[in-house]
Amino acid sequence: MVPITHFLYLSAALFLIGTVGVLMRRNVLIILMGIELMLNGANMALVTFSRMWGRLDGQVFAMFVIAVAAAEAAVGLAIVVSIFRTRNRSDVDDLSMLRD
Amino acid sequence: MTESFNLYWIPLSPLVGAVFNLFFGAWLIRSLGERVGKEIVHLVAIGAVAFSCFFTFSLVSENLLSGTAPGGRVVQHAYTWIASGETDVGFDFVLDHLSAVMCMVITGVGLLIHIFSVGYMAHDHAYHRYFAYLNLFMAAMLTLVLGKSLVILFVGWEGVGLCSYLLIGFWFTDDEKATAGRKAFIVNRIGDFGVVLAMLIIYAVVGSLDFDRIAEFCAPGENSPFVVGTIFGVSLATVATMCLFLGCTGKSAQIPLYVWLPDAMAGPTPVSALIHAATMVTAGVYLIVRLNFLFALAPLTMAVIALVGALTAFFAATIGITQNDIKKVLAYSTVSQLGYMFLAVGMGAWVSAIFHLVTHAFFKACLFLGSGAVIEACHHNQDIQSMGGLRKKMPVTAWTFLISCLAISGIPPFAGFFSKDEILLHAYLNESQWSVAINYVGYGLGLAAAACTAFYMFRLYFLTFEGEFRGDHHTWDHYVREHWIMSLPLVILAGLATVGGFLGYPHALPGSHALPHAFDVWLAPIVELSESFTDPGIRLGLRPVAGVVEHGHVTALGEIAFMGLSVAVAATSIYVARALYKDGPSAVVERWLTIPAMAVAHRLSYGKYFVDEGYAYIISAVNMLGQVCYRFIDSVLIDGLGVGGTTGLVSFVGGGVKIWHNGNVRRYLATLLVGVGILLGSIYLNPMISKWGASPLNSVDAGGLRPTMGAQSIKMKILGLFEFDLPARSGEHPNRRPPQDGAEGNAP
């Protein structure tokens, strides 16, 4: 049987990769992909613990997260398209108009 | 039975009049025109007062005179005002023998003065406002005298203070008059502070401020909680009455707070007559007589009151001698006469004080209204040096003025003679703390004040009405005249000033069996309690004087001797005044003033003993303290360090943090991540938590945050950076409560 820590390692790895992606990349699309990875890392942990305790709560949560992630991806992509149309680029470091 | 009396209509009807004129007066005058509008305004105002006057008299005759009212009084609970715990303050009104006297004087004199005002204020553009204030004053004053508890009395007390302020500063565009209004208000505030303190003390003892309850607590005399209880070694009765007396000195213009009353003459003259002579300023006397049983328990206060009263009577009278403003003379005479009343209450002669209050209301209102007629006739000139000879054109005013002057001077058979003589008699004969000494001082000052009073009143009379007119001919030809609406109240008041004294006809004079001392009989239920005290020290009564007091009564011969002496003194003063001022300002006096001693005395008296200037020093010291507080404490400490320091700190920190807040999304995310890391790290890397679950400092976990946390061991290494080693919980947390305790959940 695969020990529970393996799942958690995978979850942590996914989360970390996503985080690094979000923090290091400047392209909005890549950042969105990083966020998606982070969400799935969290999903992984939820499902793991759900299995660990033998209860379904965690899996239900994971379903919710998937649904929210889908919505988030749709809205996020729409915003990205809109930004790209108006500014012709998609570099987050340029998007600091809300600073003040 | 008491429910049908509707006592509250007495103060309510002027209040309704006030509200009507305040809200609709201006509109009426504007839309119906000056003539009709003003007609409606004053008819409403006079009608409201006439209604309460009629109502008072009918209630008194139906219930009090006939003796049908239970307990000799009418009590009515209008509604419950404050009900909190054991405190229950109702708007309770009581019409007993004392408040009946006050109500009759207030509504009667008030009605006449309202009528007079129609003539005096005819050309004023704020006609409706004047009558609204006057009605409001009547409502407040009637509340004051009808109130059954100190709270209701205080409502009226403050109400009359407010109306006094509004009416003194009635012509507020004149800065001097507005200042006079403020002065009256502020000086009265000092006194009101005393009243509030006294109310608190009384409430602490009695647990109620109802007069009946206070009387119950005073009834045991020496054993009353007011005497047994002490504060700093002084009996509660003394402290409470001293505080009340402070309020009385403010409201009734006694030393040291009398300074506002002469300035209060800035208001319209009928106001001076109503508020600052006949009614409001007597509220202090009323308050003391109302609480006579409490004051009787404090002989020290009584002695102080008598002393202050006598001093005020004398000093105000000496100031009156040299004043040249017709209203200022009358103002100082009012202060002086109020001093007599306080002398009387201080000596325990409650009835004499109320008697003098009533007669004084008649003749002083008449004098003030007469002066109002004169001022109106002389085109708002108040300087008696430029008057004279007005008798020729104003015979009614002159005659009524003369009668009132005779009354205030104490010439029989006019009203003042009886009441003033009674006060002087009691001042000499009544026993009190520091007896004999205070008898001599009180009587001596009172007699000296009587001499001064007769002198300055007749100086005023002769300078105003006799001799030749000293003003300009234009005024004499076109303005000096009388109007019936102003003369009518004068005649009525002069009539009352003539016969009013027979309400207190002395026993010594012939015919007293047919005409008993009405006030003694009438007020007997009010003063019954305080006169029943027999313990030495608080006993009220006559001291033994050979030949004058026999078997506890004044002998006829003794009383007549006293009368003779005071009449002789007054007559001499009148003769001197006539000799000096018969034909206008006297050359003899001018010559006297070249004598240095006389000049100094004149300057002192003319400058009112420079009391105002002395107070100005005190006030400048207070101002200085205020400046220090303002400049240092307020500006530097509070505004600078407190408010400015806080905002400065916030903006400094904000300025620093702002640099980080640069709009870069990735930086925000990194910050967020670090924050979450710190949060989680502080929880999971905390040895206490990793070992025992949640921190014992954080007892919320007892029943539920994560009851299963640490049930299974977790060991992780992430990239060699983070290392989790969470062993399964081996035992129960020492601080963790068993579940059944957690369910009850209160014990720490």
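Author: Two residues are in contact if their C-beta atoms, placed from the backbone, lie within 7 Å. In this predicted model, residues 24 or more positions apart account for 76% of the contacts in chain B with a separation of 6 or more.

Chain B comprises 30 helices and 8 strands. With a radius of gyration of 36 Å, well over the 27 Å that the globule rule gives for 748 residues, chain B is more spread out than a compact globule. Along the principal axes, its C-alpha atoms fill a box of roughly 120 × 65 × 60 Å. Of the 748 residues in chain B, 47% are buried.

The contact between the chains draws 10 residues from chain B and 12 residues from chain A. On the side of chain B that touches chain A, α28 (665–684) and β7 (714–718) each supply at least two residues.

As to confidence, the model has an ipTM of 0.82 and a pTM of 0.77. The average pLDDT of chain B is 86, and 91% of the residues score at least 70. The pLDDT is below 50 over residues 697–707 of chain B, a stretch with 11 contacts in the model beyond near neighbours in sequence. Residues 733–748 of chain B also have a pLDDT below 50, and this stretch has 11 contacts beyond near neighbours in sequence.

Notes. Residues are numbered from 1 along each chain as its sequence is written. Chains are lettered from A and ligands numbered from 1 in the order in which they are written. This is a predicted model: local features need pLDDT of at least 70, side-chain atom pairs count only at pLDDT 80 or more; totals for chains, interfaces and linings use all residues. Helices (H or I, at least four residues) and strands (E, at least two) are DSSP runs, numbered from the N terminus. The radius of gyration is taken over C-alpha atoms; the globule rule is 2.2 Å times the number of residues to the power 0.38. A residue is buried if 20 or more other C-beta atoms lie within 10 Å of its own, exposed if 12 or fewer, and partly exposed in between; C-beta atoms are placed from the backbone. pLDDT is the predictor's confidence in each residue, from 0 to 100.
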